[in-house]
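Colleague: I'm new to reading models like this one. Could you show me how to go from one feature to the next?

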Protein chains: 2
Amino acid sequence: MRAAPGLADYLADVEELLDRSVAGHPGLVAEIGTEALTAGGKRLRPMLTFLSAPADRAPSVVAGAAVELVHMATLVHDDLIDGASVRRGKAAAWSAFGAEAARATGDYLFARAFSELAADGDLAGVSALAEASLALARGEALQRRQRYDPDTTVDGYLERCSLKTGKLFEAACLLGGGSGDYGRLLGISFQIVDDILDCAGDSNETGKIPGTDLRDGTPTLPLLLAAQSDETVRAAIAGGPLEGVLVRVAATGALERSRAVALDYAIRARESLSGESRRRELEALADAVVDRNR
Amino acid sequence: MRAAPGLADYLADVEELLDRSVAGHPGLVAEIGTEALTAGGKRLRPMLTFLSAPADRAPSVVAGAAVELVHMATLVHDDLIDGASVRRGKAAAWSAFGAEAARATGDYLFARAFSELAADGDLAGVSALAEASLALARGEALQRRQRYDPDTTVDGYLERCSLKTGKLFEAACLLGGGSGDYGRLLGISFQIVDDILDCAGDSNETGKIPGTDLRDGTPTLPLLLAAQSDETVRAAIAGGPLEGVLVRVAATGALERSRAVALDYAIRARESLSGESRRRELEALADAVVDRNR
């Protein structure tokens, strides 16, 4: 994807604001926040904010930073709950500092997002981000209900993707002034690909290391599709033995079928675009989301 | 304290909005949120919002509900971290439903507060509540740093009170259009009294059941003052044996000295008032906060 003129500058400005938002405050919260920040990430959400804005208008840097702050807050909180010890190749905040510190940091990043938007006078932004945050919390609750449940429907899984990922992508686009539909559909596509990668990553190739989702009992699309024809996979989702299960998942063709679903959502995202000035870039981004391998 | 004309109606309206905010959404989040809601509480913060408004102006119901939603979110999250099994006489959300559900519920209540204020067009309210939320997170982090540290200074303790309690009281008053100083000082007074009650409650009279703070290693004012003259109390804060420690705390006179500090803050809160139309009620509230025994 070729960078749209100004995107690099915009992302640099977002990064600077993120730095200031997080590191400008003393103590452990800043320390963990900075760790979460320097751990990096694709900054896909601020990118969406930029690309959703009219080409002749400078998009709000605060908006891009705010949506990323909420995303970072969910990562820190997820680590707290999941007990994931490594995120993006660095020790997760909770393991280095304890659950309490991770909770405080997540809450801080979350509040910071609203504080920045309010200081910017962006009431519509506050509203969009609050709605996305409500969806995130509902998605968390839904994930908990679906845990270890091999009878989770594909629709139930897709609803979870929409709540946990789609709505924040949607907010990122709305904050830029663009189409919410594009963002939501792209987010679902993105999440499906994430879930495929969790089943098929390099470290899983032998099938001896179960993916994070399988270990957590989180029923993802590839696992659910595989379970339709493989009772061992079905039992694994329900909490049974995990060894060799990812090889079985791959053998059912569930990864390819999941990828087809992800592609379908990416296509629908592209098709939802109409008058966006950066339409070509948004289309390319949708392609890149499906084609990525990390 | 005599209820100001309209206070009962206002609090009833707040309660109705809280009900709708929480229960209007399906699933576990609503269930836990409703549990947290029906567990009750003094609704002191919405009361502050009402009393801070000019007597001739109808204060915003959304503002009162939003500040209480943030307070409820912190209670649910505190339960998640502290492992407190009982809050307000009911099983804490986390113990009934698991840490993940409590986290999702806390996040939901938090986002709901901002969503309600944004829908109400109250940008100043969003700003005040976001600042208070940032302070809450910093207070959490400070509490973690002070844990098991008998060398925590009284100033450090008071800063924690200001961040964890004072700033949300301040926001409650600002949301009503009143004096932030009054709220912050009252909040510190309120927290000191809470900490005294944790050392001196009925169930602790034998000294055999250590208070929550002592068990958690949280250095509160009565514990710190007692530790100045009692090495056993000092060792208990640092994680040593707890049995009989609360009797020793009482014997040092630390409870009375702490109460004097609480009273001083309540007086300063009263003195910070100037043109508030409901000054008399606010003064009475400050007295009631210090005199309460639960």
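Colleague: Which residues of α3(B) are buried?

Modeller: A residue is buried if 20 or more other C-beta atoms lie within 10 Å of its own, exposed if 12 or fewer and partly exposed in between, with C-beta atoms placed from the backbone. In α3(B), the buried ones are R45(B), P46(B), M47(B), L48(B), T49(B), F50(B), L51(B) and S52(B). That's eight of the nine residues in this helix, which runs over residues 44-52, so α3(B) is mostly covered. Helices (H or I, at least four residues) and strands (E, at least two) are DSSP runs, numbered from the N terminus.

Modeller: Keep in mind that this is a predicted model: local features need pLDDT of at least 70 and side-chain atom pairs count only at pLDDT 80 or more, while totals for chains, interfaces and linings use all residues. Residues are numbered from 1 along each chain as its sequence is written, and chains are lettered from A and ligands numbered from 1 in the order in which they are written.

Colleague: Can we stay with burial? Is E276(B) buried or exposed?

Modeller: E276(B) is buried, because 22 other C-beta atoms lie within 10 Å. You'll find E276(B) in the loop between α14 (254-272) and α15 (279-291) of chain B.

Colleague: And what does E276(B) touch?

Modeller: Contact means that the C-beta atoms of two residues, placed from the backbone, lie within 7 Å. Leaving out residues up to four places away in sequence, E276(B) touches S52(B), G178(B), S179(B) and L282(B). S52(B) is one of the buried residues of α3(B). As for G178(B), it sits 98 residues from E276(B) in sequence, yet their C-alpha atoms are 6.9 Å apart.

Colleague: How does Q228(B) count?

Modeller: Q228(B) counts as partly exposed, because it has 13 C-beta neighbours inside 10 Å. This one is also in a loop, between α11 (221-227) and α12 (231-237) of chain B. Its C-alpha is 9.2 Å from that of P150(B), 78 residues away along the chain.

Colleague: What about helix pairs? At what angle do α9(B) and α14(B) pack?

Modeller: Picture each axis as a line fitted to C-alpha atoms over the stretch in contact, with angles from 0 to 180 degrees between N-to-C directions. For α9(B), residues 180-200, and α14(B), the angle is about 160 degrees and the axes are 8 Å apart. That makes the two helices roughly antiparallel (angles under 35 degrees count as roughly parallel, over 145 as roughly antiparallel, 65 to 115 as roughly perpendicular and the rest as oblique).

Modeller: On the α9(B) side, the contact includes L185(B), I188(B), I192(B) and I196(B). The α14(B) side includes V261(B), A262(B), Y265(B) and A269(B). By class, the contact has 15 nonpolar, three polar and three charged residues (Ala, Val, Leu, Ile, Met, Phe, Trp, Tyr, Cys and Pro are nonpolar, Asp, Glu, Lys and Arg charged, and the others, Gly among them, polar).

Colleague: Which way does α7(B) run against α8(B)?

Modeller: Their angle of about 165 degrees, with axes 8 Å apart, makes them roughly antiparallel, therefore. Among the residues that meet are L129(B), A132(B) and L136(B) in α7(B), and L168(B), A171(B) and L175(B) in α8(B). This contact divides into 11 nonpolar, five polar and seven charged residues.

Colleague: Which residues have the most contacts inside the largest nonpolar core?

Modeller: L129(A) and L129(B) do, in a core of 181 residues. A nonpolar core is a set of buried Ala, Val, Leu, Ile, Met, Phe, Trp, Tyr and Cys residues joined through C-beta atoms within 7 Å. Beyond four places in sequence, L129(B) touches A66(B), V67(B), V70(B), A113(B), F114(B), L117(B) and A171(B).

Colleague: How many residues does each chain put into the contact between A and B?

Modeller: There are 37 from chain A and 37 from chain B. On chain A's side, α7(A) gives the largest share, 15 residues. By class, that side has 20 nonpolar, eight polar and nine charged residues.

Modeller: One helix pair crosses between the chains: α7(A), residues 123-146, packs with α6(B), residues 99-119, at an angle of about 160 degrees, their axes 8 Å apart. These two are therefore roughly antiparallel, and their contact has 14 nonpolar, three polar and eight charged residues.

Colleague: What's in chain A as a whole?

Modeller: Chain A has 15 helices and two strands, and 56% of its 294 residues are buried.
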